[in-house]
Amino acid sequence: MKSNKLAFLIILLLLPVLLTGCSKIFPTPFGSNTGGNESSEDPSDITDAPADTPVPTITEIPSVATEIPSAETSGSGTTLPSDNDSTSGQGGSSDPDSSSGQNGSSVSDSSADSYKARAEEFLSHMTLEEKVGQMFFVRLRKDSAAADLKDYRLGGYILFGDDFKDETKDSIKDLLSEYQDLSSIPLLIGVDEEGGSVNRVSKYSAFRSEPFKSPQDLYKAGGFEAIQTDTKEKADLLLDLGINVNLAPVSDVSTAADDFIYNRAFGKDAKATANYVKTVILAMNRAHIGSTLKHFPGYGNNVDTHTGVATDNREYDQFLKNDFLPFQAGIEAGADSILVSHNIVTSMDKKYPASLSFAVHEILRDTLKFEGVVMTDDLSMDAIKKYTSDNEAAVLAIEAGNDLLIATDFDTQIPAVLKAVKSGTITEDRLNDSVIRILIWKLKLGILQ
């Protein structure tokens, strides 16, 4: 009798072990909900993302009011509304205090607060000339670069292909180090190293044995894993040279081979492009190099604005459901900046190019909730020249809500902005909003201490 009780007790003790073993023999049916950490994948998504590549959650973007605010015009029809009665900058929610000038996904709240406090302290000691100069991210002029830093207190230099011609890694390092030493406020140093048809650095064998491949070719060769590896290699090369911003990734949705932007884009639909953009931004953040989403609000099938005016007549709903998705994914991933195109998007603003449109910037700030640095495309491009005089573009760009101004003709634009501030057309508070965001970006990148 005692032996039977003992046997029964042993069976009870072994029962959990036996049940565990059975679960391995009879696994849960495929596709059932186990309540564990496993997650199902959307079959419509790109399927070869590596395991450590977070795929963006593309949430629906809330629609804006039926009537999109448009720029008010003066009698001359050339002046956007100024913010003389407001200290919050353009678009209301663009106050850097809301997220310390950068997106919450990229830095912790405590770090963001620290960046903002340090930026405000730095700002309190800056002159008007320094504030205006910080808002200009300009094309490098090698023959006058040292003098330009002294005369205009520039925020940064952008280098193009010719700047690397006949140079070596060491000579570029020395040159950029010299510029940083000459600048009282550390410089943003940027290039367009997109891969494929736009390579400023790797087109020269002195810097890489072969040019970086386009996003489309990379993806065909190795999926997102190849894109991650490529992004890191680009960042490592640029940072080693002293370049701290890559004006990438191209975030335009383009699936037609005859589109102007197609060869520079990911070449797939909006959701796939969003996955690509988020993958690149996460990799750039890990590498600690500055990023730029371009060209907001989305190029579509428009013509090249370097050589003329592009008018986009698509419905606003098309942007909400399609073109905005990659930009939203990049914002959620912690993109540092967004570059606005010179396209005239009639569903948002029938009169002004996007880069000069208050309405477009309001959508970027209020609808997409972007709180980082917004910059123009080059203000000397033909698409802008048709709408402003040579000394007016930068003033209009600031009034529209831009923080950084890419300008080849900065020696004309900077005096015009200083004049506008002194006359009251632009308030110094408006400048402060933008300069805070720029300083926070520099702090985040570690180039400003």
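Hi everyone. Let's start at one residue: asparagine 244 touches Gln180, Leu187, Leu188, Ile189, Leu239, Ile289, Gly290, Leu445 and Ile447, leaving out residues up to four places away in sequence. Before going on, please keep in mind that this is a predicted model.

So where does asparagine 244 sit? You'll find it in the loop between helix H6, residues 215-241, and strand E6, residues 245-246. And is asparagine 244 buried or exposed? It is buried, with a relative accessible area of 6%. The side chain of asparagine 244 reaches the backbone nitrogen of isoleucine 189 at 2.8 Å.

Let me step back for the overall picture. The protein has 13 helices and 11 strands. Of its 449 residues, 55% count as buried. If you take the contacts with a separation of 6 or more, 75% of them come from residues 24 or more positions apart.

Now the sheet. What is the order of its strands? This is an open sheet of seven strands, with parallel pairing, and reading across you get E1-E2-E3-E6-E7-E9-E11. The edge strands are E1, residues 137-139, and E11, each pairing on one side only.

Let's follow part of that order. E3 and E6 pair in the parallel sense over two bridges, and valine 191 has asparagine 246 of E6 as its bridge partner. Asparagine 246 then takes us onward, as its bridge partner in E7 is serine 291. E6 and E7 run parallel and are joined by two bridges.

E7 covers residues 290-296, and seven of its seven residues are buried, so this strand is largely enclosed by the rest of the structure.

One of the bridge partners here is valine 373 in E11, which goes with serine 337. Which residues cover the two sides of E11? In this strand, residues 373-376, Val373 and Met375 are buried on one side, and Val374 and Thr376 are buried on the other. As background, side chains in a regular strand alternate between the two faces of the sheet.

H5 has 14 residues and reaches 20 Å from its first C-alpha to its last, close to the 20 Å expected at 1.5 Å a residue. Its buried residues are Ile172, Leu175, Leu176 and Tyr179. Seen down the axis of H5, these buried residues fall within an arc of 90 degrees, so they line one face of the helix. The general idea is that an α-helix has 3.6 residues a turn, so residues three or four places apart point the same way. On the other side of H5, Asp170, Asp174 and Asp181 are exposed. And what covers the buried residues of H5? The cover includes helix H4, strands E2 and E3, and H6.

H12, residues 410-423, also has 14 residues, and it reaches 20 Å from its first C-alpha to its last. Its buried residues include Phe410, Ile414, Val417, Leu418 and Val421. The buried residues of H12 pack against H3, E1, H4, H11 and H13. Just after H12 comes glycine 424, with a positive phi of about 95 degrees.

What about the nonpolar core? The largest one has 111 residues, and those with the most contacts inside it are Phe136 and Tyr157. Tyrosine 157 touches, among others, Phe137, Leu140, Ala145, Leu149, Tyr179 and Ile189. Remember Tyr179: it is one of the buried residues of H5.

One last stop: serine 355, in the loop between strand E10, residues 344-345, and helix H9, residues 358-367. Serine 355 is buried, with a relative accessible area of 0%. Its side chain makes a polar contact with the side chain of histidine 342, at 2.7 Å. Leaving aside neighbours within four places in sequence, serine 355 is in contact with residues including Val340, His361, Thr376, Ile384 and Asn402. Thr376 takes us back to E11, where it is buried.

Terms used
Residues numbered from 1 in each chain as written. Predicted model: local features only at pLDDT ≥ 70, side-chain atom pairs only at ≥ 80, totals over all residues. Heavy atoms only, no water. Core = buried A, V, L, I, M, F, W, Y, C linked by side-chain atoms within 4.5 Å. Buried < 20%, exposed > 50% of the residue type's maximum accessible area, 1.4 Å probe, protein only. Contact = heavy atoms within 4.5 Å. Helix = DSSP H or I, 4+ residues; strand = E, 2+ residues; numbered from the N terminus. Pairing = 2+ DSSP bridges. Polar contact = N/O pair within 3.5 Å; in protein donor to acceptor, adjacent residues only side chain to side chain. Expected span 1.5 Å × (residues − 1). Arc of directions from axis to C-beta.
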